[in-house]
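Hello,

Here is the structure I promised to pass on. Please open it first, then read the notes below.

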Amino acid sequence: MFNNQGLSLDQAPPIEVVFRFFAVGLVFGIIAGVETMLFGAKVFEGSAREALVLTHTLTLGVMMPIMLGALFQMLPVIAGVKFNAPTKISLAVLPSLFVGTLMLLTAFYTGIPVLFTAASVLLGATLLLSAGAMLRKLFLLQDHGTSSFGMIMALGGLSLLTLVALYLALSYGGIANGEAFVALKQAHMGFGLFGWIALLIVAISFQVIEMFYVTPPYPKALTRLLPFGILGLLLVGLALFLVNPVLQTFATAIVAILLTAYGALTLLRLSQRKRPVADATVWFWRVGMTALIVSTTAMASMPFADISWLNKLAYIAFSTFALSVVFAMFYKIVPFLTWFHLNAQGYFDAPMMHEVIHPKTAMKHLYIHLAALAAFLITLVFPVFAYLAGLLLALSFGRATWQLIKAWKLYYHTQKHGQKFETDASLA
Amino acid sequence: MSNAEAILFDARELEHPEPLNRAVAILRTLTHDRYLHMIHKKEPIPLLELAQKRGFYTLSKQDDKGVWHIFIARDSLKSLLEKIDV
């Protein structure tokens, strides 16, 4: 989050912009937990409507707004990208994303064709315009840091994901003829999981792991080759599907192997921290990277091993990877932004970061997160545990939502009642 | 001026948010005859911005090993800080 080329945090958006995106993502997380409680183990059944609803709640409802909010904060600070009117942009993007996601989830559950069409138009326009605006700014950069190049690749992945999703949704809606449905469905999953979610996490981690945890840096060549390799292989895989579907599976397996190696390297970096004690965010990263390794190993094994629960394991583990990193960043970003903006406004009694969200609070959330993971894993053997897993997932997101509300209330209270510093000039 | 006291703070091994937290706490104690000399692996842009907004003079220098030396003081010590070699 800190720019090292002399660019200013004044270019970062107002705190409300980021908090709104996070709030929407967290609320959808609660919804995901409630869905799991209602649907039970059906959420793991391949193309069942319940599985599609939960998958898109997590990817579009939770991950998308949180990742876009994080980009709104990080692009100005890490890459020096300036948004002219971040509040206006966020107020245009967020309601469209929220309504479009609800429409799509309803479409999956009810099967009503016009809902697919309406959702695809709204979401397609919102995401393509957002990604396009960010990419245009990034392409103008003269020099790319360790994260900005990977962000370009991830936003490229988002654009491709959205285009493919448009076709799929319009096929469901009866507008497109669906001839390429099977090929593009595989591509949709690949671009979504690897080309957008994993790739953006990888890109951001190249900067934040070293910065937050005082670790050795990632190898510079890796920060270029890995994002390029992942997106390139996904594109090659899509082309190969047209030749022979099995070849696409191999391309995806290579992506999985690359991500496995990245996960292992990140765990190694985290073990090289100077500080002996790990806070909750370090543990969220560790859980996330371990889950990534489990997921990608399962995915890479699937073409060669006919084991029925491998697919479910890969799904649970990948979700754990993504959500763990979300929470790791949440417990850094929210206290920092609250503290920084109040200090920047000159408030003498701005709360310290640990007063915004106490480290013990984050640790308690980690325990709930791990309990949810355990419950989801037990569903592999005892599907009835899905109901408990859903409850714990809702609790996990509910807890984070409450912390965000408390941070916002503290911020607002300080603005209303806090005392400001006198500057040196005014004291003279 | 030559009696100015340096408060040395080596933040290189500290994890976020300790460098910021401790540096801001030090800033609150700075008088006209004291300055902060912070040593860090990266240039701490958020700290520099906060200090500037509060009317402090800031100066960042990178030594030949790539380590950053950050000096923050009241304006009265500006000429002293500019003479310091890292």
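This is a predicted model: local features need pLDDT of at least 70, side-chain atom pairs count only at pLDDT 80 or more; totals for chains, interfaces and linings use all residues.

At what angle do helix 5 and helix 6 of chain A pack? Helix 5 (residues 148-172) and helix 6 (residues 181-213) of chain A pack at about 155°, with axes 8 Å apart. Axes are lines fitted to C-alpha atoms, for helices over the stretch in contact, and angles run from 0 to 180 degrees between N-to-C directions. Helices are DSSP runs (H or I, at least four residues), numbered from the N terminus.

Residues are numbered from 1 along each chain as its sequence is written, chains are lettered from A and ligands numbered from 1 in the order written, and side-chain values use heavy atoms, without hydrogens and water.

Next, a pair across two chains. Helix 10 (residues 310-344) of chain A packs with helix 2 (residues 45-53) of chain B at about 25°, axes 9 Å apart. They are therefore roughly parallel (angles under 35 degrees).

Last, one residue. Tyr411(A) sits in helix 13 (residues 386-417) of chain A. Tyr411(A) is buried, at 3% relative accessible area (buried means under 20%, with a 1.4 Å probe and protein chains only). Beyond neighbours within four places in sequence, its contacts (heavy atoms within 4.5 Å) include Ile15(A), Glu16(A) and His341(A).

Best wishes

Key
Helices (H or I, at least four residues) and strands (E, at least two) are DSSP runs, numbered from the N terminus. Angles under 35 degrees count as roughly parallel, over 145 as roughly antiparallel, 65 to 115 as roughly perpendicular and the rest as oblique. Buried means under 20% relative accessible area, exposed over 50%, partly exposed in between (1.4 Å probe, protein chains only).
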